[in-house]
Amino acid sequence: MDRTSGEKGLAAGVPPSDGEASTDLVSYSRELEDVSLRAIVDDTARSRIQWAAPDGLEIAGRGTAVRFTATGADRFTALRTQADTTFDSLTHNGPRVARPRAFGGFAFHDTHDPTPPWSGFEAASFVVPRLSVTRSPDGDTWLTAVDTDPDAATDRLAEWAHTLAETPPMQPVGSRPGVASTRRPTSPAAWADGVTAALDRIDGGDLTKVVLAQSLSVRLAEPIEVPDTLERLRREYPNCYRFLLNQEGSGTFFGAPPEQLVSKRGDRVDTEALAGSVPRGETPEADDEHAERMLDDDKLRHEHDLVVDAIRTQLAPFADDLTVADRTIRRLATIQHLHTPIAATIDADSHVLELVEALHPTPAVGGVPPDIAWQTIRRTEPFDRGWYAAPIGWFDGDGDGEFAVGLRSGVATDETVTLFAGNGIVADSDPAEEWDEVQLKFRPVLDQLKR
Ligand SMILES: C=C(O[C@@H]1C=C(C(=O)O)C=C[C@H]1O)C(=O)O
């Protein structure tokens, strides 16, 4: 079987001009027994996506039925205009859970000009895969094919149903590639200088909070299998998102973010503030001590509340009945955070991309006020954030969707993985403590690279 068959064409995210063949898409789904999603994202795919959310929804896709890209300050609206045109003329034959979705993300900065390791990652880029497997939170598994040619979609469904039935359902976890060497664009001294300059600005009164990040470039001893790495991350971080995004000619951006940016389902909106970090303890008592300290620490509470307040303000023009739950502790394998769930209702006709635009970046990854924080980030960080800390997720033809914040992540290119991690700086932050917390945030991906 030619597994790449039907992955060559690309329907443009714009309406066809007169005289051209129709680019209307059709989608067919078929239910499967439980299968491994791994074969879908093997390296014979020209482009691949993987998405898993803490609620249990899991999707793997390959090939490109249609791609939407946009750049500049109006990238959210431009992208939506393209997607609306495509989804309006798409017919889906199958259950709602297996409907076509567009997967992708945005660069952190809207003026993003992709340079390595971010080559191929535009300021906004989404694909509707030609073939995908969806595992619903209820445990049903569906295969979906999307194409401009109904016969090609039907044939692809039959071919892949057969291939997947013959593939063992266990997901392989592979082995860690090993680290040959590492490189840090930010030295401890440069970090201390950057944090001190930010603290001066905070003292001066024009900045309240800024999240400063570092990158860590890891040259691998062996090639990496990103889908296997994600499978190992599932075991270590079961309550986090997991994603993989790769286009023909680009690296593979992947990670296990703990933070939801926003989800919209009909008129229901969910988001959260996740900011303020302490380590895990060696014993349950030490763990609790760290958590208690975080709950009582004025600086960390202030840092966290700035995020809650900003989300409230940024959602207010769209949402009604906004409810902010009690602040709790979110415990992950290597770190703990202050966490506040936030929910609201919204006009069901609005689009999740409007919410993404309104919320990105929250002060959990940007700062307060946003414009001075962006300027400080640009001046201080000696690397391109690319898609790190930016919205990563999916949306559908109804404007529903879910986005995580692209944290605890890295971009794999050839034999290198470039990792990113940051921490919130407010008055009274200590450069050495902030350095240590950033190192904790490299660990989810870094631990999966080291032998
Ligand atoms: C910026 C990162 O994490 C964010 C910043 C946090 C903080 O400043 O305490 C905590 C969680 C995230 O919202 C990262 O993981 O790189």
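Helices (H or I, at least four residues) and strands (E, at least two) are DSSP runs, numbered from the N terminus. This is a predicted model, in which local features need pLDDT of at least 70, side-chain atom pairs count only at pLDDT 80 or more, and totals for chains, interfaces and linings use all residues. Residue numbers start from 1 along each chain as its sequence is written.

View 1. Pro361 sits in the loop between α7 (352-359) and β20. The bond that joins His360 to Pro361 is cis, with omega about -10 degrees. A cis peptide bond also links Pro116 to Pro117, where omega is near 5 degrees. Pro117 belongs to the loop between β7 and β8 (124-128). Most peptide bonds are trans.

View 2. Most residues other than glycine have a negative phi. Asp321, which is not a glycine, has a positive phi of about 50 degrees. Asp321 is placed in strand β17 (residues 319-324). Ala389 has a positive phi near 65 degrees and is found in the loop between α8 and β21 (391-395). A residue is buried if 20 or more other C-beta atoms lie within 10 Å of its own, exposed if 12 or fewer, and partly exposed in between, with C-beta atoms placed from the backbone. Asp321 has 10 C-beta neighbours inside 10 Å and therefore counts as exposed. Ala389 has 27 such neighbours inside 10 Å and therefore counts as buried.

View 3. Ala373, Thr376 and Ile377 are the buried residues of helix α8 (residues 370-380). Seen down the axis of α8, these residues fall within an arc of 100 degrees, so they line one face of the helix; the arc is that of the directions from the helix axis to the C-beta atoms. They pack against α3 (188-204), β12 (209-220) and β20 (367-368), where contact between two residues requires C-beta atoms, placed from the backbone, within 7 Å. The face turned away from the buried side carries the exposed residues Asp371, Arg378 and Arg379.

**View 4. The crossing of α3 and α9.** The axes of α3 and helix α9 (residues 431-449) come within 9 Å and cross at roughly 115 degrees. Axes are lines fitted to C-alpha atoms, for helices over the stretch in contact, and angles run from 0 to 180 degrees between N-to-C directions. From α3, the contact involves Pro188, Trp191, Ala192, Val195 and Thr196, and from α9 Pro431, Glu434 and Trp435. By class, these are 6 nonpolar, 1 polar and 1 charged residues. Ala, Val, Leu, Ile, Met, Phe, Trp, Tyr, Cys and Pro count as nonpolar, Asp, Glu, Lys and Arg as charged, and the others, Gly among them, as polar.

**View 5. Surroundings of Val269.** Val269 lies in strand β16 (residues 268-279). Val269 counts as buried because 23 C-beta neighbours lie inside 10 Å. Leaving out residues up to four places away in sequence, Val269 touches Val262, Lys264, Ala319, Ala343, Ala344, Thr345, Ile346 and Leu355.

View 6. The protein is divided into domain 1 (11-165) and domain 2 (179-221 + 258-449), with bounds from an automatic or database domain assignment. Their C-alpha centres lie 27 Å apart. Domain 1 gives 21 residues to the contact and domain 2 gives 26 residues. On the side of domain 1 that touches domain 2, α1 (75-88) and β7 (102-106) each supply at least two residues.
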